[in-house]
Amino acid sequence: MRFSALFVVYSCVLGLIVGAVAAFFLLVANFFIDLVWQDIPGMVSLPFYPMIVGVVGGVLVGLLQKHLGRYPTTIEETLGEFKKNNRVSYKGRIGKNILAALVVLMFGASLGPEAALAGVVGGMITWMGDHLKITFEHKDELLKLSIGTMLATIFRAPFAGISEVFDDKHPFKLKNKARKIGLLQSVHYLVL
């Protein structure tokens with residue numbers, strides 16, 4: 001399959017959108033975590049502040065679960081959906097995942113942003129594949145590579161998750177390029 005210059009530019013623009021949403025999510029999550037757990041306690045002195053924040057957060061999370069459903073999705077749920085349907089649903093789910101994850105993380109849940117990011121990035125990559133009209137095999141590889149790269153970025157573990165993409169028995173023409181890109185990104189994050 002030959003890619004036209006317009007296809008490459010369009011792919012880069014859509015990839016930039018996906019990356020910008022993921023980066024914005026992480027920035028907003030860190031801002032709210034710092035606000036709730038560092039800035040506000042520095043301004044007010046309440047002896048039971050963590051308990052108050054826990055109760056308020058629990059009520060908000062409960063309300064979100066009641067009105068939005070089971071969000072944010074976990075990595076297992078996202079990967080299970082992908083294995084079952086060969087895609088991650090995105091219509092009406094990305095915003096719910098982001099909102100629920102921000103509230104859960106802001107109030108101190110013992111989970112990391114990778115759970116919500118897997119659902120968000122997986123849905124956005126499926127969206128990107130739908131817009132690019134990529135073949136089924138290409139979407140599969142892009143989703144696996146994007147989730148693996150996201151995990152490698154978050155955990156600063158250079159090869160976390162990207163090896164599965166290269167273990168397929170049916171090689172894809174761009175695998176060598178994808179392998180080089182994945183390894184270069186991994187080395188970059190290892191050095192940082």
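## Confidence

The mean pLDDT of the protein is 75. Of its residues, 65% reach 70 or more. Among the elements, helix α2 (residues 49-68) has the highest mean pLDDT, at 93. Helix α7 (residues 175-191) has the lowest, at 46.

Two stretches call for care. Over residues 169-175 the pLDDT is below 50. In the model this stretch has 12 contacts beyond near neighbours in sequence. Over residues 177-192 the pLDDT is also below 50, and that stretch has 14 such contacts. Where pLDDT is low, predicted coordinates should not be read in detail.

## Annotated transmembrane regions

An unreviewed UniProt entry annotates residues 7-33, 45-64 and 98-125 as "transmembrane region". How does the model shape two of these spans?

Residues 45-64 are 80% helix and 0% strand. The C-alpha atoms at the ends of residues 45-64 are 29 Å apart. Residues 98-125 are 75% helix and 0% strand. Here the end C-alpha atoms lie 15 Å apart.

## Helix α2 against helix α4

Two packed helices are described by the angle and the distance between their axes. Take α2 and α4. Their axes come within 9 Å and cross at roughly 165 degrees. Angles over 145 degrees count as roughly antiparallel, so α2 is roughly antiparallel to α4. The crossing of α2 and α4 is left-handed.

Which residues of α2 and α4 meet? From α2 come L60, V61, L64 and L68. From α4 come K96, L99, A100, V103 and V104. The residues of this contact divide into eight nonpolar, no polar and one charged.

## Helix α4 against helix α5

Helix α4 (residues 94-106) also packs with helix α5 (residues 114-132). The axes of α4 and α5 come within 9 Å and cross at roughly 160 degrees. That angle makes α4 and α5 roughly antiparallel to each other. The crossing of α4 past α5 is left-handed.

On the α4 side of the contact are I94, N97, I98 and A101. They meet A116, G119, V120, G123 and M124 in α5. What is the make-up of the contact of α4 with α5: how many nonpolar, polar and charged residues? There are six nonpolar residues, three polar and no charged.

Most residues other than glycine have a negative phi, and most peptide bonds are trans.

P72 lies in the loop between α2 and α3 (75-85). N86 lies in the next loop named here, between α3 and α4.

Conventions:
Residues numbered from 1 in each chain as written. Predicted model: local features only at pLDDT ≥ 70, side-chain atom pairs only at ≥ 80, totals over all residues. Heavy atoms only, no water. Axes fitted to C-alpha atoms, helices over the stretch in contact; angles between N-to-C directions. Helix = DSSP H or I, 4+ residues; strand = E, 2+ residues; numbered from the N terminus. Parallel < 35°, antiparallel > 145°, perpendicular 65-115°, else oblique. Left-handed = near helix turned anticlockwise from the far one by under 90°. Contact = heavy atoms within 4.5 Å. Nonpolar A, V, L, I, M, F, W, Y, C, P; charged D, E, K, R; others polar. UniProt positions renumbered as here; feature names shortened; annotations may be inferred. pLDDT = per-residue confidence, 0-100.
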